[in-house]
Amino acid sequence: MAKMRGVGMSSVNYPTGMNLGGDPTQALLHMTTTGSFVITLASSDLGQGLKTVLAQIGAEALGVPFENVIIDTGDTDTGPHCMGTFASRTTHRAGNAIIMAAAEAKKTMLEVAADELEASPDDLETDGKGNIRVKGSPDRSINLVPMALAAHFKYGKTIGGRGIYFKPNTGVDPETGKMDPDSTEAHACVVAEVEVDTETGVVEVLSIKSAYEIGRQVNPALVEGQIRGGSVMGMGHALYESTNPYYPSPDHAPGGFFEYILPGPADIPEMEMVVLEYPSGNGPYGVKGFGEMTANAPIPAIVNAINNALGTEIAEHPVTPEKILRALEAKASRN
Amino acid sequence: MTTKAYNLPESLDEALGMLAQYGSNLLVMAGGTLAMPLITKGVSQPERVMGLRRAGLSYVRETGGSVAIGAATPLTQVVNYKGLPLLPQAAHNIGGWAIRNMGTVGGNLFAPPPAGDLVVALLALDASVKLANARRQRVVPLAGFFSGFMANVLEPDELVVEVQVPRPQGDTALLKLGRLHTDTPTVVGVATRIVWEGRKVKEARVALNGVGPYPMRARKAEAMLVGTALDEAAIAAAAAAAAGECEPFSDPIASEWYRRKMTGVIVSRALAQVAA
Amino acid sequence: MASKIVTFVLNGRETEVMVKPLTTMQVVLRDKLGYNATKVGCKEGACGTCTILVDGEPMLSCLLPAEDVEGRQVTTLEGLTPVDGLHPLQQAFFDNYATQCGYCTPGMIMVAKALLDHNPSPTREEIVDALSGNLCRCTGYEPIIRAVEVVAEGQDSRRPAMAERRRDKEIVR
Amino acid sequence: MSEQNLDVVGQSVKRRDGIGHVTGKTVFVDDLRFPDMLYLKMVRSPYHHARIKGIDFSAAEKVPGFVRAFTYKDVPKNIYTILCLIGVGPDEEPVLAEQEVLYKGEQIAAIVAETEEAAMEAVAKTRVDFEELPAVFDVEEALKPGAPILKPWGTNYFVYEGHDCRRIRYGDIEAGFAQADYIVEGRYQPGPVEHAPLETTACIAKPEADGRITVYTNTQALYFTMDNTALILQVPFNKLHFVGGTVGGAFGGKVDVIVEPIATLAAMRTGRPVKYQFTREEEFHVSSTRTAWRIYFRDGVSKDGHIVARQVTSYADSGAYNRHTPYAVTKHAANISGPYTIPNVHVDVHCVYTNRQPSSAMRGFGVTSASFSTELQMDKIARTIGMDPWEIRLINAYRNGDIRPYQKVVEDATLVEAIKGAAKLVGHELPKWAQAMNSWDRGAATPVTVEG
């Protein structure tokens with residue numbers, strides 16, 4: 001029995017947003033007299049944390065506390081159009097729409113506060129703690145609630161905003177493939193270390209170490225969650241998962257979790273990661289979309305590590321133990 | 001068709017009485033881990049089901065020469081019983097914690113391959129199965145219990161009451177090759193027990209799971225080991241014999257080709273573990 | 001068909017339900033009683049998200065006929081949640097970002113609760129072993145394991161949550 | 001962009017839905033129940049490819065609790081394609097199969113009943129008379145003469161503006177190969193994968209007093225699904241009201257529009273709420289998968305490690321129908337050069353139909369396969385020419401201002417920085433020239449401070 005170790009890497013890009021554009025998302029924002037800012041959308045949170053990061057972007061854009069921002073999403077009677085949560089697009093698209101809506105709302109907010117504080121709107125700022133104050137004179141300030149009440153009862157003004165992010169749909173030149181298939185690009189470099197039992201073909205992923213460049217982290221804990229979850233999903237793809245384990249044969253298609261092999265808590269490798277931020281030109285606060293790519297980069301890194309360990313040329317996934325033994329046999333017969 | 005009755009007898013006699021009354025029209029269920037999914041999906045539509053959770057068949061009893069384990073004993077109890085070799089590890093190889101709290105020793109006898117992670121260990125320990133109907137009891141060797149894929153010697157009015165494991169002699173090893181570390185279907189499972197006479201093998205048990213229509217003993221491999229010193233050559237020969245005599249199949253987990261190859265490898269490793 | 005009344009203690013309260021033969025606890029809890037924390041992931045005992053505790057032992061409600069819990073103590077995630085605030089495990093799952101989509105979370109917490117009741121200071125290996133029947137497709141498990149570790153006795157609960165544990169966070173503009 | 005002082009962005013605030021998740025109070029579609037709710041189950045094809053000669057519901061109708069069966073004749077616009085909303089066509093997938101089924105598990109008839117069990121039993125008792133037809137499962141076999149033809153337009157491939165594939169033509173591929181010192185070829189085959197979220201695909205369609213239908217769904221794309229549903233049912237968009245936004249995992253598996261149209265139709269016709277939820281088995285055997293691919297590379301490489309020419313032919317296994325795969329093909333074509341600058345590129349990507357369950361979107365859509373094959377190919381090149389895998393990537397890494405094969409100027413490139421970040425993380429020492437690289441200045445001798 002021999003256990004062979006190998007290291008493999010991959011370096012990848014991932015485009016943000018729907019290929020070719022044409023995937024707008026809108027946001028509506030209004031302030032209630034309770035001091036809440038309600039951002040109404042029709043985007044879906046798949047578990048990645050959309051409701052959280054969009055509230056963060058809204059709070060940042062308005063200059064108000066995170067707690068004051070309510071994300072109201074998932075209803076087509078109230079929420080304006082969103083193309084959907086896919087293509088690593090929604091933080092980018094909805095985030096930009098929210099910034100645009102917040103700018104409009106903030107303008108009215110500062111006008112009302114200016115009237116109340118007898119100052120010019122240009123001299124005002126939000127303090128991030130629920131007040132609007134005169135720059136340089138922290139004692140001249142008004143809380144958001146009295147400001148909202150004044151807007152409604154005294155000035156007859158609504159504090160609200162509308163936003164959209166729109167990248168026009170551009171086609172593909174059918175002859176040359178000339179096109180514009182991204183809004184920005186995120187990047188990753190992943191290094192995997194594996195140990196392969198050459199008798200059984202069983203692969204142990206010892207570690208996955210990743211560097212991601214994603215423009216701007218809205219929420220580092222959620223970013224880390226995507227990287228960890230995507231890495232394990234990628235490992236699953238690399239080693240275990242297939243709806244047709246004998247592809248292209250359709251035989252023995254697994255019909256449940258007893259037959260379709262997903263990594264469990266005992267199967268996860270050691271992980272380390274570093275996140276770099278080079279803000280994109282068009283993302284909200286420089287955000288790039290990266291949710292999907294976290295499952296991409298680990299797959300080739302792991303397969304490269306296996307080939308590195310064994311001197312094989314395995315070129316498909318999942319790399320089942322059987323495929324490893326057959327690759328070793330092929331290598332032996334070549335030599 | 002929906003199930004018309006689900007009975008939970010309070011004693012073995014009551015259970016056997018029901019079986020006598022309904023025979024093969026009664027589906028016997030212990031932990032429900034095998035039957036319930038089929039019933040939920042409508043694959044199995046039994047008119048009557050009898051559950052064994054309250055029939056007094058959950059026990060581990062030590063007697064002079066052997067240990068009796070009730071058919072409805074949850075696998076977790078086997079994991080925690082340290083009086084016999086192989087079994088705690090074998091039981092732990094099945095499912096996750098909740099499955100082991102529900103799945104039973106008797107139930108594992110009815111698990112389709114490549115399930116049967118407990119049975120393979122019981123085979124290596126020369127276990128027997130106590131079967132009963134309302135009139136009589138009989139004890140059959142576990143190795144003679146199975147008659148084919150999902151088939152056995154149980155009569156329609158009979159119930160598996162307990163598994164009897166003689167206090168084992170010799171050295172044992174159990175290895176399971178799965179695709180993951182835990183809660184994983186078996187590619188091949190090997191349980192082995194070697195009884196020594198001096199430095200020679202007096203008796204050998206090599207049991208296989210996942211590579212046949214039911215968990216089976218590799219009798220050719222066993223025979224080849226007797227009289228050897230369990231040296232490298234003997235192990236290699238027995239492993240090759242086991243790989244030859246197993247009857248593997250392909251499924252989503254592994255191909256027949258791979259299972260056969262791994263039978264040799266894992267038998268060899270299990271025997272090497274005993275030799276060491 | 002013969003429906004039966006089954007009586008058991010659900011989250012400390014005497015509960016009575018009328019069930020058709022072999023109705024699973026999953027159906028009883030969700031459809032008959034409206035206890036929705038117990039989720040449906042596979043209906044075949046393979047994912048763990050429907051885990052409940054019966055007399056303190058984790059069991060899969062999708063495989064468990066209601067008749068089998070007659071007279072027993074059943075605990076669901078609803079039964080763990082205090083009136084004001086969160087159970088320490090819930091708090092730890094929340095603080096450690098151990099949920100993403102949230103669908104596996106109830107099963108994970110119920111298994112963790114049973115583990116800590118049996119063994120208040122489990123090792124990491126024991127935690128992983130206990131959680132092994134529960135699948136999560138989002139998190140990669142580490143935050144879940146971490147959350148249980150945080151609550152386990154003898155663990156250094158001051159060890160920071162995952163976000164602050166980042167080895168090397170490099171920000172270049 | 002100058003450096004900004006951000007207060008909330010960049011903070012690890014706790015999840016907004018976290019308390020709901022840890023208490024089990026988050027409401028998912030499966031947690032909703034309505035009085036009078038009916039359950040929908042599907043009669044499916046047991047064959048990979050067959051002609052339907054007849055359907056007999058007589059035994060099914062006798063099942064207690066049976067309410068109604070639906071066939072294609074009940075669906076106002078039965079043939080659709082989901083990407084029609086962005087101009088992809090033609091329509092080619094039936095909501096319910098008409099004369100032919102193209103994959104095992106294909107939807108043939110919907111049955112609604114008072115209980116899930118009754119619906120299942122009625123499905124089991126529906127008799128469908130089939131004539132089995134030859135099936136094809138290999139993307140290259142499907143394109144050969146004599147393969148069973150699956151599409152009414154007479155081929156087994158999607159047509160891209162008159163071409164049999166999506167093309168990239170950049171530079172002069174022959175001139176590129178002429179400059180090469182090495183030719184490195186590879187064949188790559190990423191397999192089909194199930195998304196496997198813990199929550200299965202589900203919806204409940206509920207008729208309202210005002211004549212509209214509310215559809216509670218775990219779709220990833222509410223408007224997209226609603227608009228497709230309205231088109232299939234030939235009702236005004238504003239007759240429908242979709243509610244969702246809380247999804248128990250998706251990964252691309254919940255952007256097909258499968259459960260909503262037929263459940264909505266059943267709700268309209270019965271006047272009662274109708275629930276259609278995939279079983280776990282349906283998720284595996286029937287719902288779409290990550291696309292499987294076969295990808296052939298032929299790269300021309302110079303001695304110093306520059307890829308001077310890349311010719312790629314890819315085959316996407318779309319399965320029986322389009323779903324999102326024709327679009328994934330375009331994304332794949334754009335990304336098959338990887339994050340590398342290659343002066344001469346020739347790419348043909350074929351979207352091929354086979355008798356497999358349809359493939360569609362999944363996390364990484366079209367790019368996962370591109371990254372997989374590109375990155376294995378990079379290692380193969382490195383092995384062939386005897387170069388370090390880190391260095392081959394850095395030598396070819398695209399930088400800002402470069403031109404992509406799809407003729408777009410690169411902006412926001414940071415591959416070099418990501419590679420250097422990983423090297424630092426794992427303690428891999430890069431050569432001096434590599435340490436001096438950055439994504440902005442090809443002539444840089446020392447790293448520059450980035451002023452974004």
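**A colleague's note on a predicted multi-chain model**

1. Let us start with chain D, which has 13 helices and 19 strands; both are DSSP runs numbered from the N terminus, with at least four residues for helices (H or I) and at least two for strands (E). Before going further, please keep in mind that this is a predicted model, in which local features need pLDDT of at least 70, side-chain atom pairs count only at pLDDT 80 or more, and totals for chains, interfaces and linings use all residues. Residues are numbered from 1 along each chain as its sequence is written, while chains are lettered from A and ligands numbered from 1 in the order in which they are written.

2. Here is the overall picture of chain D. Its C-alpha trace spans about 80 × 60 × 35 Å along the principal axes. Of the 452 residues in chain D, 60% are buried, where buried means 20 or more other C-beta atoms within 10 Å of the residue's own, exposed means 12 or fewer, partly exposed lies in between, and C-beta atoms are placed from the backbone. Taking contacts in chain D between residues at least 6 apart in sequence, 76% join residues at least 24 apart; a contact requires C-beta atoms, placed from the backbone, within 7 Å.

3. Chain D is divided into domain 1 (166-192 + 288-408) and domain 2 (414-452), with bounds that come from an automatic or database domain assignment. The C-alpha centres of these two domains of chain D are 24 Å apart. Nine residues of domain 1 of chain D and twelve residues of domain 2 of chain D take part in the contact. On the domain 1 side of chain D there are five nonpolar, one polar and three charged residues. The classes work like this: Ala, Val, Leu, Ile, Met, Phe, Trp, Tyr, Cys and Pro are nonpolar, Asp, Glu, Lys and Arg are charged, and the others, Gly among them, are polar.

4. Now for chain A, which has six helices and twelve strands. Chain A is more spread out than a compact globule, because its radius of gyration is 26 Å, well over the 20 Å that the globule rule gives for 335 residues. That radius is taken over C-alpha atoms, and the globule rule is 2.2 Å times the number of residues to the power 0.38. Along the principal axes, the C-alpha atoms of chain A fill a box of roughly 85 × 45 × 40 Å. Buried residues account for 65% of the 335 residues in chain A.

5. Domain 1 of chain A brings 15 residues to the contact, and domain 2 of chain A brings 14 residues. The side of domain 1 of chain A that touches domain 2 of chain A holds seven nonpolar, seven polar and one charged residues.

6. Strand E3 (residues 37-41) of chain A runs parallel to E4(A), and five bridges join them; strands count as paired if DSSP finds at least two bridges between them. Thr40(A) stands opposite Asp72(A) in E4(A). In strand E4 (residues 69-73) of chain A, Val69(A), Ile71(A) and Thr73(A) form the covered face, whereas Ile70(A) and Asp72(A) form the uncovered one.

7. How do chains D and A meet? In their contact, 99 residues of chain D touch 103 residues of chain A. Helix H12 (residues 415-426) of chain D gives the largest share of the chain D side, eight residues. That side of chain D has 48 nonpolar, 28 polar and 23 charged residues. Strands pair across the two chains as well: two bridges join strand E12 (residues 316-317) of chain A to strand E10 (residues 182-190) of chain D, and the two run parallel. Gln189(D) in E10(D) is the bridge partner of Glu316(A).

8. Finally, chain C is divided into domain 1 (4-79) and domain 2 (88-162), whose C-alpha centres lie 22 Å apart. Here 15 residues of domain 1 of chain C contact 13 residues of domain 2 of chain C. Strand E3 (51-54) and strand E4 (57-60) of chain C are the elements that give two or more residues to the domain 1 side, and E3(C) gives the most, with three residues.

Key. Two residues are in contact if their C-beta atoms, placed from the backbone, lie within 7 Å.
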